[in-house]
Amino acid sequence: MIGYIILILIVATFLSLIVRRDILPIGAIIISFLFLVFLAAGSGIVLFEFGGWEAPFGIVWAADKLSMMIAMLVTGIASLVAVYSLRYIKERRHRYYSLLSLMTIGMLGVSLTGDIFNLYVFFEIFSISSYALVAFFLDDYAIEGAFKYLVAGSFATTMLLLGIALLYGSAGTLNMADLSSQILQTPMFLVPLALLITGFGLKVAMVPFHFWKPDAIEGTPSPIGAIFTAVSTSIGIYCILRVLFIFSLIELNTLLIVFGVVTMVVGAVMAFMQDNIKRLLAYSSISQIGYILLALGLGTYLGISGGLYQLLNNAIANALLFLSIGVVILYSGGRERLSNLSVKNNILMFCFGIGALSIIGIPPLAGFASKYMIYLAAWEVSPPIAAISIIVAAFTLAYYLKAFSCVFLNPRGRTEIKGIPLIMLIPIIILAALCIILGILPHLGLYVVEPAVQALTNSSGYVAAVLGGG
Amino acid sequence: MLGIFNYWLLWVLPLLAFTAMGFIIYALGEKKGKPAPGKYETYTCGEKFPVTDVGHENFYRPIKRILELSRLRHAHTGILSDYLLMIVTGFVIVLLFVMVLI
């Protein structure tokens, strides 16, 4: 069934270009999300062998609970963004939706494939469509942002390709499960590993590979900003986790902790100094990625659970913030600077406030549940790191307070927003409701996260399922 | 693991506090006062300060200056070759980490 999901999306993407109907890619993305929810309800690992060729000779897609969680996140957020964009994007809509659908195919392929070269191919599909989407508005900011992203992204994909080629040269296979059983930790293996981590790290935008992200987001349409900050980084983190856990490289935890702490601090400090709301949100998302990397690097069960839960909550809250700000910018005539962006609308103010409080980690919202788990896990491993993460949360509160105050509480030059289309409000309200529900009932979120943690920590089960044919 | 969320006070107290604060602020806002003609301030005695408007640029200005946070900002030049240099530096750092840790 996994193969059909991608097939539906591919057909819808190209058909929409020919018949110029937006509904095709929107429908395909929503259907793929529903299919994945249905698949995730089953137990075990879902396998799909292309052309009936068994692993490791053929290309295999293997969806365990971690892949399912990421795939559902990708299609879920993409569905909401697709619906929201119906009123946001006014021109060349069929191209926009084809690119959005292609981007979803890329991210979905990355999260579901069990073949590392296939992963590279889908990574390229995702990257190329996202370059075009960043440049979609074709103004100076969009083109410059897209160009910088293109160059950084090309660096990333070249490093990935080189790393994969070196791995294939030394192990003679591209199947990830097979690679894990053949890889010896020799010096020959170290360079491809560093190349893969750098390549994925660029996509994650962890410090010092983060420079492209605020520049790209500044010029991109707000719904695509939501995809970038919410799910595109999740894909990069998923790839790093796959590489580290499937190759049993637990020794590299320290690397994740160091990069996590630096990313968290630099992202927060940079967000603190921003005047442009989109750049502020971009740096904020970089800071939140630091929390996820730190939690995953802690290596304890609580840490990994907190990290994956934070990944889920971060995606929801970031999407909420970008979609809310998208409406604000749209109705303010494209103004993005905090100095002249002042609006009055209670629903947007409430939803933005919920997203910001969730990202900061204020109870009883979703972000608190995951951050609380991260603080506890960090305290067990190293109290100073726990203290740093709490101080960064205080910085987060400071810059969101500034953003909220400037955008919604400033009485000077205020634009009153009236008559927001329902089709734009519904995705925002759904995301805000999720922030509240997952905060009050964290058990619901952990119901999705815990099987993913078990799948991640038990990589032998994944290897056995893929090589044994399920 | 779900046990960590069983400290119900952790959830209920902030929720109750925020709700109570919300109601109080709302009730105070609804209350219509009757100011005397020409009276615009609640309190007329005390030292007088000019009304200041803190612009977006001045938010947290002392913190920014004391911690010299602008140094970090200057590293984000927007120049592509600087970014690429950081990518290469980052790769070397990752490689060193991998070589030391494994």
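## Ground rules

This is a predicted model, where local features need pLDDT of at least 70, side-chain atom pairs count only at pLDDT 80 or more, and totals for chains, interfaces and linings use all residues. Residues are numbered from 1 along each chain as its sequence is written, while chains are lettered from A and ligands numbered from 1 in the order in which they are written.

## Chain B

Chain B has 4 helices and 0 strands, running α-α-α-α from the N terminus on. Helices (H or I, at least four residues) and strands (E, at least two) are DSSP runs, numbered from the N terminus.

Of the 102 residues in chain B, 7% are buried (20 or more other C-beta atoms within 10 Å of the residue's own, with C-beta atoms placed from the backbone).

The contact (C-beta atoms, placed from the backbone, within 7 Å) takes 33 residues from chain B and 41 residues from chain A. On the chain B side, α1 (8-30), α3 (70-75) and α4 (80-101) each supply at least two residues, and α4(B) gives the most, with 14 residues.

## A helix pair in chain A

Over in chain A, helix α12 (residues 277-298) and helix α13 (residues 301-331) pack at an angle of about 170 degrees, with their axes 8 Å apart. Axes are lines fitted to C-alpha atoms, for helices over the stretch in contact, and angles run from 0 to 180 degrees between N-to-C directions. α12(A) and α13(A) are therefore roughly antiparallel to each other (angles over 145 degrees).

Notes: A residue is buried if 20 or more other C-beta atoms lie within 10 Å of its own, exposed if 12 or fewer, and partly exposed in between; C-beta atoms are placed from the backbone. Two residues are in contact if their C-beta atoms, placed from the backbone, lie within 7 Å. Angles under 35 degrees count as roughly parallel, over 145 as roughly antiparallel, 65 to 115 as roughly perpendicular and the rest as oblique.
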